[in-house]
Structure formats: C-alpha cells, structure tokens
Amino acid sequence: NMETTMGGKQKMPKIAKVNNKAPAPIQITAEQLLREAKERQLENVPPPPKRKITDPQELEEYKLRKRKFYEDALRKNRASIQNWIRYAAFEDNMKEIQRARSVYERGIDVAHRNIPLWLKYAEMEMRNRQINHARNIWDRAVTILPRANQLWYKYVYMEEMLGNVAGCRQVFERWMEWEPDEQAWQSYINFELRYKEIERARQIYERFVYIHPDVKNWIKYGKFEEKFGYVVKSRSVFERGVEFYGDDHLEATLFVGFAKFEERQKEYERARVIYKYAIDRIDKVLAEDLFKAYTIFEKKFGNRSGIENVIVNKRKFQYEEEVKSNPHNYDAWFDYLRLAEEDGSEESTREVYERAIANIPPVCEKRRWKRYIYLWINYALYEELEAKDMDRARQVYSSCLDVIPHKKFTFAKVWIMFAHFEIRQNNLLAARKILGVSIGKCPKDKLFRNYIELELQLREFDRCRMLYEKFLEFGPDNCSTWWRFAELESLLGDTDRARAIYEIAVAQPRLDMPEVLWKSYIDFELDQDERIRARKLFERLLERTQHIKVWMSFAAFEATQETPDGNERARAIYKQANSKLQTSGSKEERLVLLEAWKVFEEKRGNVDQQSCVGRLWPKRVKKRKKVTTTTGVDAGWEEYYDYIFPEEEQEQPNLKLLAMAKQWKTSKNDESSSDESSEEGDSPES
C-alpha cells in the first residue's frame, strides 16, 4: 500500500535492495509446481455436469461438435493411436458402425502395424455381431503381422467360441506354418485334446519336437503318450529322442525322464540300464542331477551291490571334478586310482593311470616330481601284481625312466625297482644292465650300494670290488664307502688288502666323516689283535687332531690291558692330554678329561695318584658378562659359571685376596643377623 504524506501526496513504498543476484542452487520449474499441486490435490476441480440430450437436433449438434473436436485432434497429431481409438469408440457408441469402420480404416492406413488398433477394430465388429467383418479383419491382421501371437490367439478364440472347429483348426495350421513359440504349439495340442482328437494331437507333437527340439518337449511328448495309455509309443518317443541327440549331445534330463517312465511302468531293470548307459556316456560335469536320480532309484528298488555301485560312481564323479579343476593334484589322482583298482575293470583302471601320468609337472624341481613319480611306480606294480602283465609293467618302467630329466635329477628308487622286477622275472642280465646304465647316467650313492648289495647276495665278489672302485672314483670323500670296502676284504680274509684300503682312505685330503673312518681302522686292527698297530694309529690320529674324544679313546684302549704297564701308559696319556688341553684353553673339555681320569684312578690307582688328580681339579666360580643383541643394543647382564684351574690361581694372585674378602663379608653379615635376632628376643611386649 502507498503511504500518504501530510501534503496529501502519495509516497511510493520502499523497495528492498537485493544483494545476491545469483541463481538459487535448486531451481523450481512451473511443471514441477503443477505436478506437486496435482499430487497434493491443492485444487479440486469439479467434474463437468452431465448433459441430457432430449432433442434430435441437439444430438446432431453434439455429434458435429465432437466430430469436429476429434478431427481437429487428428489433424494436429495423426500418429496418436489413442485419438483414432477414441474417435472410433465415440462413433461406436453413437451406433454409427459405418463411420467407426471408416475411422479404423483411416487409422490402419496411418499405422497398419499397431496391434492395439487391430484388436479394437475386431472387438468392435465382434460386439456388434458382425462375424464376417471380424473374420475379415483377423485375416488381414495376421497376414500383415504374422508374428503377433496376440492376434492369432484372439482369432482362434473367436472361431472356437463360434463352434467353428474346422475353421479354428485351419487358423491354427496357418499359424503353425510360421513356426511360432512353444506356447502356440501347446495351445494347438490342447485344442485338439478338448475335442478328443488324439491322433491329430500326436501329429502336432511329431512336428513340434522337430521344430523346437528341446529335451522338455520330448519328455512332454512321451508323457502325452503315457497319459493315454500308449506305453509302447511312449517308449518309442524316448528312444527316438535319444537317437535324435546322438552321442555328441546327450542330455541327462532326457535320460532321467526316460528312466522315470520305465520306473512308473515297473520296468526296473530297464530303468537301471538307462541310468548306467547315461552315466557312462554323459560328461560328469553335466551329470549331477543324473547321479542324484540314480541314487534315489537304487535306494528305492536296488539291492546292496547296486547302492554301493551308485556310491562308487558318485565318488568317481567327485574325483573327476577335482582332477579337472587341477590336473596336477596328484593326491586326488591317487584316491581316484585306488577307487578304480577296487571297483573298476583293467581297461578303465589303465585309462585312469594313463590320464594321471600324462600330467607331467611343469617345473623341473625334484620336490615337485616326488608325488608324480609314485604314480608311475603304482602303475608298474598294478601291472605286475594285479594285471599280471609283465611286458606292460616293463614298458611302464621304461617309459618312466624316459620321462625323468636325468641331467638335472633322478630317482634311484625307480632304477632299483626296475632291476628288482627283472630279477623276479629271472632276468639277471637285464637287471645288471639297468643298474649299470643308472650309475653311468646318474652315479648316486644309493644306486651303487644297491648294485653292490645285489652282487654280494649273488656272491660275485670280483664284481663287488669293481663296483667299489667305481664308487670311490665317483666319491673319494665318502668314508662309509671306504670302510665298507675294507670290511668286505676283511670278511673275505684278505687283511693286507683291507689294510691297504684303509691306508689309502686316511691319506685322502678331504673326507666327510674322518672320525668314523679312523675308528673303523682302529677297530679292524683290534679285531686282528694288532695292538701295536692300533697304538700307532692313535698316535697318527693325535698328530692330526687333539680332540678330547680321541684322547679318551686312546686312554681307554690302553686301560683295557689290565696290567701295570697298561695303567702307566693310560696315566701317561691322561697327563699328556691334560697338558695339551691346558694350552688349547678349552676348560669344559679339560674338565671332562679330568672326570674320566678321576674315575680311572679310583679304579686302578692308589691314594697318592688320586690326590694328584684332585690337585688338578678346578674351582667353580659364578661370573657375569654383558649381553648385546645382534643389532648391537645392550640387553643387560648374564650370569655363567667359569672354572678356575690351580695354575690360573697362581698366575692371578688377586683372586685369592678377593676370595678372602668375600669370606670376611659373609662372616660379618652372619654376625649382624645374629645380633638383631638377640635384640628382638630381649625387647618387652607392647
């Protein structure tokens, strides 16, 4: 409102200044406002009042006005099918059939592929009982739109409702020429069945299963024949279905349906044969439902062996899945092979073995090959022990040796088992040849030892000598080979030869276990009652090493001769060892030696000799040392025990002074504790 000043003039209102003229972040359109108003029903528009027309002239005016309205709408948008349908419906309501037909025809000229337009046109004719006109419209519609199933359904429904069975069948035949979907064929079959035309329905099924060759359609056909009691024809349908798919495209569902049909006819053996036929030929991945159905069948109608057979087949299916997902899972192959050996034929078992050994490890590492090689070994043992086919077992061993990359690694077990197999076949030359080739290609300790053991059992000692020589050429640092060779010569009574072998062995610059070899050499001389030679060997060994065990063994050797000379020699060895270990600085070893010496003197020596050993006994002292980690960080202090020998006390006179100070401190602590206890006893009670 405008304000009025004192002079009577009107004053314009003050307009607020807008500072922010930027557009709002959320824009609201007029369409949105109208839509929200409609949703919330903010404006309730009352419907127009109903008009009652009582005058024919007024009716004509109303028709003219509506026709003008519809014509204007069509002129604006001829492609709007709803406008055509409303216009025709208006003429139909006004009982102007010719005009309605004209409107529909004009609409069809505009959009002849619009299915609702044809449906409304035909329904109008049917409502007005214009059957021939409706039939003409349906003919035109299905001719123009033969893939519009809705038009065909309406057409055949009209003919059947009129009782024109022959005409309805003719329409169906026209429709089937276009090979429609499965539901259309099923509608045709149901139409014939409603009029008890079994033979016609059978003929339709014959065409249906070849145009739509799905398994479910063959099963429907078989059930159709079974429903009307044609058991032989139903069985023939299933058999034709199996032949139709052939061996390359077998379907488990078809076999399940076939077997259930036989089960309903109480032909249990036929059903069992069908299940087994399908299981043997269908891929195991696609046969899971087949296995389930077979298991249920056997539980219902089978005996114990049949049920076990089903379980075995199910386990086979599981193993097939495992080996297909991972062909290098050798544990799964072992389980599968064990099952095949228990319940399968020789041919099927061999097939599984061949499939298993075909999966060679992709990496040339021995640890990757260990499980794989046992597949070959089990295969060879199966051929020998179960199949009794020796030629095939020999072939398996040979093929296995051809597969192994001997330049990188080998498996001595395979060579040895192959040789033992030939020995069991009384073919000694072949066994020797196999072992000879093995030590030529890949000279391993295990192969040499087994070859030598074989020749020892055959009492071929010259061959054993040759093999030992070859073995030592390959591995001159192997002490066990040296002493076994010498032991062989000793058993044969050739001591000079054995002694020469030991001498060559101890002269080797590098040995893996020299202590074993020297001990064997000394034991050999002792077995020959050559104590002088044994003593010289101990002395030679002490020239090479000053190990505590050598000294103690030498002393024990001298002590075995319970004579004064033997005791003196043993005592001298103990003294010499003590002096040597004193210079080496190994206190623990020296303590062990003194303990052994003490035991010896308690058994063989007198009091003076025992006191002599006692004077050498060390003192046990607790000490502390600083501990650091591998990274150099201080980790605190650690206590340990050290041994102080008499000569060390003389070299360090301060140790005696420290010991006396410690003794004085201990005595003082004892006196103070005794004084405190006496004072507590004299104090009065509180």
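# Reading burial, salt bridges and ring pairs

Tutor: Let's open with Ala287, which counts as buried at 1% relative accessibility.

Student: How do I read "buried" here?

Tutor: Buried means under 20% relative accessible area, exposed is over 50%, and partly exposed is in between (1.4 Å probe, protein chains only). Keep in mind that this is a predicted model, where local features need pLDDT of at least 70, side-chain atom pairs count only at pLDDT 80 or more, and totals for chains, interfaces and linings use all residues. Residues are numbered from 1 along each chain as its sequence is written, and side-chain values use heavy atoms, with hydrogens and water left out.

Student: Where is Ala287 found?

Tutor: Look in the loop between helix 14 (268–281) and helix 15 (288–301). Helices are DSSP runs (H or I, at least four residues), numbered from the N terminus. The C-alpha atom of Ala287 is separated by 8.8 Å from that of Glu251, and the two residues are 36 apart along the chain.

Student: On to salt bridges. How many does the structure hold?

Tutor: The general idea is a side-chain nitrogen of Lys or Arg within 4 Å of a carboxyl oxygen of Asp or Glu. By that rule, the structure holds 36. Take Arg174 and Asp139, whose closest N and O atoms are 2.9 Å apart. Arg174 lies in helix 8 and Asp139 in helix 6 (residues 131–144), so this pair ties together parts that are 35 residues apart in sequence. Arg174 is partly exposed at 28% relative accessibility, and Asp139 also counts as partly exposed, at 24%.

Student: And Glu383, is that buried or exposed?

Tutor: Glu383 is buried, at 0% relative accessibility. Its salt bridge partner is Arg350, with the closest N and O atoms 2.8 Å apart. Since Arg350 sits in helix 18 (residues 346–357) and Glu383 in helix 19 (residues 366–386), the pair ties together parts that are 33 residues apart in sequence. Arg350 is buried too, with a relative accessible area of 10%. Now zoom out: Arg350 and Glu383 belong to a network of salt bridges that also links Glu346, Glu347, Asp389 and Arg392.

Student: How do I read the aromatic pairs?

Tutor: Rings of Phe, Tyr and Trp (its six-membered ring) pair if their centres lie within 6.5 Å; planes under 30 degrees apart count as stacked, over 60 as edge-to-face and the rest as tilted. The structure holds 33 such pairs. In one of them, the rings of Phe172 and Tyr188 have centres 4.7 Å apart and planes at 10 degrees, so the pair is stacked. Phe172 lies in helix 8 (residues 165–176) and Tyr188 in helix 9 (residues 182–194), so parts 16 residues apart in sequence are tied together. Both residues are buried.

Student: What other stacked pair can I look at?

Tutor: Tyr205 and Tyr221 are stacked, at 5.1 Å centre to centre with 10 degrees between the planes. Tyr205 comes from helix 10 (residues 198–211) and Tyr221 from helix 11 (residues 215–227), 16 residues apart. Tyr205 and Tyr221 are both buried.

Student: Which residues do ring pairs link into a cluster?

Tutor: Trp152, Tyr153, Phe172, Trp175, Tyr188, Phe191 and Tyr195.

Key:
Helix = DSSP H or I, 4+ residues; strand = E, 2+ residues; numbered from the N terminus.
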